[in-house]
Each structure stands twice: as C-alpha cells, then as structure tokens.
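Here is a short report on one protein chain. Look at the sequence and the model first, then read on.

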Amino acid sequence: MKVHVRYFASLRETLGISGEPIETTSADVAGLRAQLIALGGAHAECLAPGRAVRVAVNQVMAQDSTLLVADCEVGFFPPVTGG
C-alpha cells in the first residue's frame with residue numbers, strides 16, 4: 001500500500017525533503033519506521049531507535065502499534081517544548 005510520509009522541523013532539515021510517498025507492506029508505524037531506517041543515510045540517522053521522534057497518523061498522535069491504512073498520512077517530528 002502507499003502511504004504519504006511527512007517530515008517536520010529538524011527531521012525535514014536533515015533529510016532535505018518535507019515528505020515522500022512510500023510503498024510499504026508494513027502494517028503499523030513501527031514497521032514503517034524500520035523500513036525508512038533501512039534506507040540508510042539521513043533516514044537512518046533521523047529515525048534511529050532511541051532517537052526521540054514523535055509520530056502522527058492522519059494528524060492524530062500515534063504509537064508504534066498504530067495500524068496503517070492505504071493513503072494515510074504519517075508525520076514524523078521531534079518532540080516540541082515550549083518556553
């Protein structure tokens with residue numbers, strides 16, 4: 001299935017793109033993140049295990065176990081703090 005991946009803030013800056021369509025067989029967010037990490041390079045750096053990255057599916061905060069559906073939007077972004 002195709003999903004629309006969007007990157008925000010420092011992730012967008014590091015990757016040099018704001019988003020990309022991804023063809024995936026992953027059923028959930030964790031699988032998609034692993035697929036993106038496997039691309040290597042900046043994707044692996046930004047999304048590496050242990051890195052503080054938040055995710056939303058269709059603009060709703062999500063967990064690793066959140067299921068994906070065809071044509072959903074998956075946004076990855078760093079934690080945000082105020083001050």
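Arginine 6 stands opposite glycine 75 in β5. The model is predicted: local features need pLDDT of at least 70, side-chain atom pairs count only at pLDDT 80 or more, and totals for chains, interfaces and linings use all residues. Residues are numbered from 1 along each chain as its sequence is written, and side-chain values use heavy atoms, with hydrogens and water left out.

**Strand β1 and its partners**

Strands, like helices, are DSSP runs numbered from the N terminus (strands are E, at least two residues; helices are H or I, at least four). Two strands pair if DSSP finds at least two bridges between them. Between β1 and β5 there are 4 bridges, and these strands run parallel. On β1 there are also 5 bridges to strand β2, residues 19-23, and that pairing is antiparallel. There, valine 3 stands opposite isoleucine 22.

The side chains of β1 alternate. Val3, Val5 and Tyr7 point to one face and are buried. Buried means under 20% relative accessible area, exposed means over 50%, and partly exposed lies in between (1.4 Å probe, protein chains only).

**Two side-chain pairs**

What joins glutamate 73 and arginine 6? Their side chains meet in a salt bridge, at 3.5 Å from N to O. Glutamate 73 lies in β5 (residues 73-77) and arginine 6 in β1 (residues 2-7), so the pair ties together parts 67 residues apart in sequence. A salt bridge here is a side-chain nitrogen of Lys or Arg within 4 Å of a carboxyl oxygen of Asp or Glu. A search of the whole structure finds 1.

The count of aromatic pairs is also given: 1. Tyrosine 7 and phenylalanine 76 form it, and the pair is stacked, with 6.4 Å centre to centre and 20° between the planes. It links distant parts of the chain, as tyrosine 7 sits in β1 and phenylalanine 76 in β5, 69 residues apart. Rings of Phe, Tyr and Trp (its six-membered ring) pair if their centres lie within 6.5 Å; planes under 30 degrees apart count as stacked, over 60 as edge-to-face and the rest as tilted.

The table lists the accessibility of residues from both pairs.

| Residue | Relative accessible area | Class |
|---|---|---|
| Glutamate 73 | 22% | partly exposed |
| Arginine 6 | 34% | partly exposed |
| Tyrosine 7 | 1% | buried |
| Phenylalanine 76 | 1% | buried |

**Threonine 14**

Threonine 14 is found in helix α1, residues 10-15. At 37% relative accessibility, threonine 14 counts as partly exposed. Which residues does threonine 14 touch, not counting those up to four places away in sequence? They are Ala42, Glu45 and Cys46. A contact means heavy atoms within 4.5 Å. Threonine 14 and alanine 42 are 28 residues apart in sequence and 6.6 Å apart in space, C-alpha to C-alpha.

**The whole chain**

The protein chain has 3 helices and 5 strands. Along the sequence they follow the pattern β-α-β-α-α-β-β-β. The C-alpha atoms fill a box of roughly 35 × 25 × 20 Å, taken along the principal axes. Of the 83 residues, 34% count as buried. Among contacts with a separation of 6 or more, 48% are between residues 24 or more positions apart.
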